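Work through the exercises below with the sequence and the model open. Try each task before reading its solution.

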Amino acid sequence: MTEVLLEIKDLGIQFKTGEGVVQPIRGVNFSLKKGETLGVVGESGSGKSVTSLAIMGLLPEKKSKIVSGSIHFNNQDVTHLKDRQFRKLRGNEISMIFQEPMTSLNPVFTIGEQLSEPLKQHKKMAKKDRKEAIINILKQVGIPRAEQIINEYPHQLSGGMRQRVMISLALLCDPKLLICDEPTTALDVTIQAQILELMKQIKSEKDMSLLFITHDLGVVAEMCDRVVVMYAGEIVESAEINELFDNPLHPYTKGLIDSLPTNNTRKSRLFSIKGQVPRPDEIGKGCAFANRCPYAFDKCIASAPPTFSTGEHLSKCWLQEPERQVKIQ
Amino acid sequence: MTLLEVKNLKKYYEISQGLFKPKVVVKAVDNVSFSIKKGETFALVGESGCGKSTTGKTLLRLTGTTSGEILYKGKDLLALSAEKMRSLRAEMQMVFQDPYASLNPKMTIKQILMEPLRVHNKFQPEERLEKILKILEIVGLSKEHLDRHPNEFSGGQRQRIGIARAVILNPDFIVADEPVSALDVSVQSQVINLMLELQKEFGLTYLFISHDLSVVEHMTDRVAVMYLGKIVELVDTEELFANPKHPYTQALISAVPASHPKEVKERIVLKGDVPNPANPPSGCTFHTRCPFAMDICKSVVPALTEIESGHITSCHLYTNNKEEK
């Protein structure tokens with residue numbers, strides 16, 4: 001259980017834009033153990049999706065570049081893998097579920113045709129076995145009338161059903177790592193509850209690792225063993241799930257938890273983090289959160305904090321400097 | 001005091017199936033009645049496709065109605081001429097869900113905020129700019145934003161502009177259709193705070209349409225839960241969350257993710273999806289997914305009944321055998 005499946009070290013990614021080079025990912029470190037669910041939390045623009053695309057090798061080739069660091073998957077360096085080699089991994093050992101199930105399924109192919117694709121790519125199977133495998137997996141994700149569904153098109157299914165199809169597509173080749181990029185954001189709450197329940201069940205059956213990307217702390221609280229919090233292309237805090245909610249060390253994490261409506265008295269002013277996420281080109285040499293942080297002091301503006309650790313609990317904040325160790329309330 | 005009263009509101013859409021085939025009727029809003037008191041925040045809650053947004057739009061006559069009555073300060077809105085309705089919209093405004101789509105990308109903020117003042121011919125032209133600056137300051141923007149276009153703003157700022165546009169005419173009533181669901185968590189709380197402040201300052205009445213129950217619990221006074229075009233439960237917010245009666249409401253509340261990993265939630269996971277509104281189930285429309293469904297639910301439509309004072313719900317569990325549940 002303690003074997004590391006995915007390790008990201010000091011990852012930096014640059015994008016070329018019309019106005020020059022920006023670096024949305026600036027030194028991301030984390031690792032994912034076998035059988036673990038790791039949550040990646042952050043607001044839009046924090047770089048969580050870009051990180052997941054880098055793991056999948058799906059970054060746009062011409063526009064982006066991994067400028068530093070490495071990604072190791074299953075003891076293999078996949079940082080600068082050629083596309084052809086990556087294709088052997090994608091859909092086979094690493095697969096991904098996207099946010100919007102309608103745009104990630106092809107509208108002109110039937111469900112059956114789309115589901116047979118990863119099997120054709122990665123497994124040598126007879127046509128009949130393939131069909132059987134597909135029906136099996138559809139039943140596993142709780143799709144009724146699987147035999148008929150394989151001849152239907154995505155538009156004939158509801159949002160929840162489509163997301164189930166996406167999950168079955170990702171599961172077909174028994175991946176070791178499943179990346180879920182906001183898998184329930186586009187769904188209604190009752191359907192979200194169904195899908196989360198399904199993912200928990202599948203995870204316990206298949207013993208795979210989940211990388212769960214979301215902005216919803218409630219979903220994280222339900223699903224994850226460990227959490228990393230991203231802000232402006234960096235990991236600002238990383239901790240075990242209960243530890244993070246009980247004892248957040250970074251003011252940003254603290255702010256996110258405090259601004260949940262359920263943690264505020266009814267009808268009162270909600271706690272809120274002032275300002276907004278800086279654009280990649282706005283980040284100066286200090287801490288990226290300094291301009292919104294209620295605890296910021298001179299040092300925060302002057303230089304960016306390194307990562308301080310208290311046991312397994314990591315945070316990137318000057319308040320956690322050994323001689324300071326301020327506990328934020 | 002009642003500000004707005006909706007009686008038996010219906011909005012049906014007809015879908016043509018071909019020249020000689022009968023049309024299919026989708027009952028988007030089906031016999032909905034409620035009233036909103038002055039100064040309160042009334043919430044419409046439900047999943048996508050339940051008719052909550054359609055209800056909001058019909059109140060401002062942004063879409064037509066099939067039948068029913070909408071009384072605003074005693075006046076029947078549906079009987080008004082288009083011109084009278086337009087001048088009445090100075091008192092009734094709307095904030096839309098998607099701040100990216102609801103602002104004209106070719107207009108500057110100044111033009112966007114000037115528009116309602118010009119249409120309703122409020123203030124002298126010289127005074128208008130002053131008024132705009134004042135409202136910008138209230139919503140947390142400043143003078144230098146005046147000549148910028150919407151694309152130069154972030155989602156949260158755009159929603160502030162949308163709110164400023166609705167509030168600038170000093171309306172009494174605002175329909176807010178999912179105003180925070182497109183925003184990030186940290187920005188979401190800023191916008192909720194702004195809406196609460198404005199309500200205090202201007203004595204606004206909100207119709208708050210949302211699917212996010214934690215936000216609804218935080219900021220509303222009364223809630224109507226909708227399912228497939230019908231109201232299934234209507235009660236004070238605190239009572240709804242403490243003591244939900246309708247099985248759908250119970251499931252909806254239990255489906256909200258926990259706010260702490262140690263919080264143990266007893267979850268009611270509903271089977272299946274929302275049925276197709278063009279072909280709703282017979283009897284109680286919820287019976288296909290209801291964990292307590294009885295025989296009677298399949299054939300008889302339950303009526304909305306007041307089971308406790310001020311607590312209205314439509315479910316056979318409370319009308320027939322009271323001892324159960």
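**Exercise 1.** How many residues lie between strand 9 of chain B and strand 10 of chain B in the hairpin they form, and which residue in the turn has a positive phi?

Solution. The model is a predicted one. Step 1: strand 9 and strand 10 of chain B form a hairpin with 2 residues between them. Step 2: in the turn, Leu228(B) has a positive phi of about 50°. Step 3: the two strands pair in the antiparallel sense over 6 bridges, and Glu233(B) in strand 10 is the bridge partner of Val225(B).

**Exercise 2.** Find which strand runs parallel to strand 9 of chain B.

Solution. Step 1: strand 3 (residues 41–45) of chain B is joined to strand 9 by 4 bridges, and these strands run parallel. Step 2: Val45(B) has Val225(B) as its bridge partner in strand 9.

**Exercise 3.** Explain why strand 9 (residues 222–227) of chain B is described as largely enclosed.

Solution. Step 1: a residue is buried if 20 or more other C-beta atoms lie within 10 Å of its own. Step 2: on one side of strand 9, Arg222(B), Ala224(B) and Met226(B) are buried; on the other, Val223(B), Val225(B) and Tyr227(B) are buried. Step 3: 6 of the 6 residues are therefore buried, so the strand is largely enclosed by the rest of the structure.

**Exercise 4.** Describe the side of chain A that touches chain B.

Solution. Step 1: 38 residues of chain A are in contact with 33 residues of chain B. Step 2: helix 8 of chain A gives the largest share of this side of chain A, 7 residues. Step 3: by class, the side has 14 nonpolar, 16 polar and 8 charged residues.

Definitions and conventions. Residues are numbered from 1 along each chain as its sequence is written. Chains are lettered from A and ligands numbered from 1 in the order in which they are written. This is a predicted model: local features need pLDDT of at least 70, side-chain atom pairs count only at pLDDT 80 or more; totals for chains, interfaces and linings use all residues. Two residues are in contact if their C-beta atoms, placed from the backbone, lie within 7 Å. Ala, Val, Leu, Ile, Met, Phe, Trp, Tyr, Cys and Pro count as nonpolar, Asp, Glu, Lys and Arg as charged, and the others, Gly among them, as polar. A residue is buried if 20 or more other C-beta atoms lie within 10 Å of its own, exposed if 12 or fewer, and partly exposed in between; C-beta atoms are placed from the backbone. Two strands pair if DSSP finds at least two bridges between them.
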